[in-house]
Amino acid sequence: VRGDNLLTGGVASYDVYETQDGRDLAVGSLEPKFWFAFLQTIGRADLAGDGLVRGADAAAVRAQVAEVLRTKTLAQWSEIFASVDACVEPAATLDEVLLDAHHTARQMFFTLGGVQHVRTPLTPVDRVHTPAPAHGAHTNDVLRALGRDDDAIAQLRQDDVI
């Protein structure tokens with residue numbers, strides 16, 4: 001059930017929290033060392049034993065963490081956590097992801113037909129992407145490969161077969 005599992009919001013140490021400016025901070029501190037580092041950083045080490053608690057207790061811990069995280073902007077929390085090993089990252093907007101230096105350096109995105117696309121890790125960077133062919137664009141080529149000559153293809157068209 002959504003919200004009951006470790007990875008679907010069932011515990012306070014693995015969730016997304018809103019910051020003061022309405023942005024989101026992703027916390028993935030499932031391991032105790034990360035959870036403790038996270039709590040120390042936000043000044044709530046008193047919650048250290050409650051990272052994997054579920055149910056009503058998890059909601060109470062989550063509320064306390066959320067209250068602290070709403071005191072600063074995403075940029076402020078990002079700066080604070082930049083040197084902390086706590087599995088905490090800002091939840092980037094699509095525009096931020098597209099402009100990210102790491103993604104840009106790896107040429108992870110390309111534009112085709114005015115639409116941004118994601119290159120898979122297995123797609124060569126030098127691959128030329130082209131739009132899909134129009135409906136019927138290769139019909140003659142396929143029919144010729146099947147042994148039909150131009151007269152036979154013309155007859156198929158005349159008979160509304162193709």
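Asp15 has its place in strand β1 (residues 14-18), where helices (H or I, at least four residues) and strands (E, at least two) are DSSP runs numbered from the N terminus. The structure is a predicted model, in which local features need pLDDT of at least 70 and side-chain atom pairs count only at pLDDT 80 or more, while totals for chains, interfaces and linings use all residues. Residues are numbered from 1 along each chain as its sequence is written, and side-chain values use heavy atoms, with hydrogens and water left out.

Not counting residues up to four places away in sequence, Asp15 touches Gly9, Leu25, Ala26, Val27 and Arg62, a contact being defined by heavy atoms within 4.5 Å. With Arg62, the side chain of Asp15 meets in a salt bridge of 2.4 Å, N to O; this pair links distant parts of the chain, Asp15 in strand β1 and Arg62 in helix α2, 47 residues apart. The term salt bridge stands for a side-chain nitrogen of Lys or Arg within 4 Å of a carboxyl oxygen of Asp or Glu. Arg62 is buried, with a relative accessible area of 19%, given that buried means under 20% relative accessible area, exposed over 50% and partly exposed in between (1.4 Å probe, protein chains only).

A search of the whole structure finds five salt bridges, including those tabulated here.

| Salt bridge | N to O distance |
|---|---|
| Asp15 and Arg62 | 2.4 Å |
| Arg44 and Asp46 | 2.8 Å |
| Arg144 and Asp150 | 2.9 Å |

Asp46 counts as exposed, at 54% relative accessibility, whereas Arg144 counts as partly exposed, at 41%. At the start of helix α7 (residues 150-158), a side-chain oxygen of Asp149 reaches to within 3.2 Å of the backbone nitrogen of Asp151, and α7 is followed by Asp160, whose phi is positive, near 60°.

The largest nonpolar core has 20 residues, of which Phe38, Ile42, Val65, Leu69 and Phe81 touch the most other members. Such a core is a set of buried Ala, Val, Leu, Ile, Met, Phe, Trp, Tyr and Cys residues joined through side-chain atoms within 4.5 Å. Two or more residues of this core come from each of β2 (24-28), α1 (32-42), α2 (56-69) and α3 (74-81). In α1, the buried residues include Phe34, Trp35, Ala37, Phe38, Leu39 and Ile42, and α1 is followed by Gly43, which has a positive phi near 80°. Leaving aside residues up to four places away in sequence, Val65 touches Tyr17, Trp35, Phe38, Leu39, Ile42 and Leu47.

Arg70 lies in the loop between α2 and α3 and is partly exposed, with a relative accessible area of 44%. Its contacts, again not counting residues up to four places away in sequence, are with Glu18, Thr19 and Gln20. The C-alpha atoms of Arg70 and Glu18 are separated by 6.2 Å, although these residues are 52 places apart along the chain.

Further along, strand β4 (residues 109-112) and strand β5 (residues 115-118) pair in the antiparallel sense over four bridges, pairing being assigned if DSSP finds at least two bridges between two strands. Leu112 has Val115 in β5 as its bridge partner, and in the hairpin of β4 and β5, which has two residues between the strands, Gly113 takes a positive phi near 65°.

Key:
A polar contact is a pair of N or O atoms within 3.5 Å; within protein, one must be able to donate a hydrogen and the other to accept it, and residues adjacent in sequence count only if both atoms are side-chain atoms.
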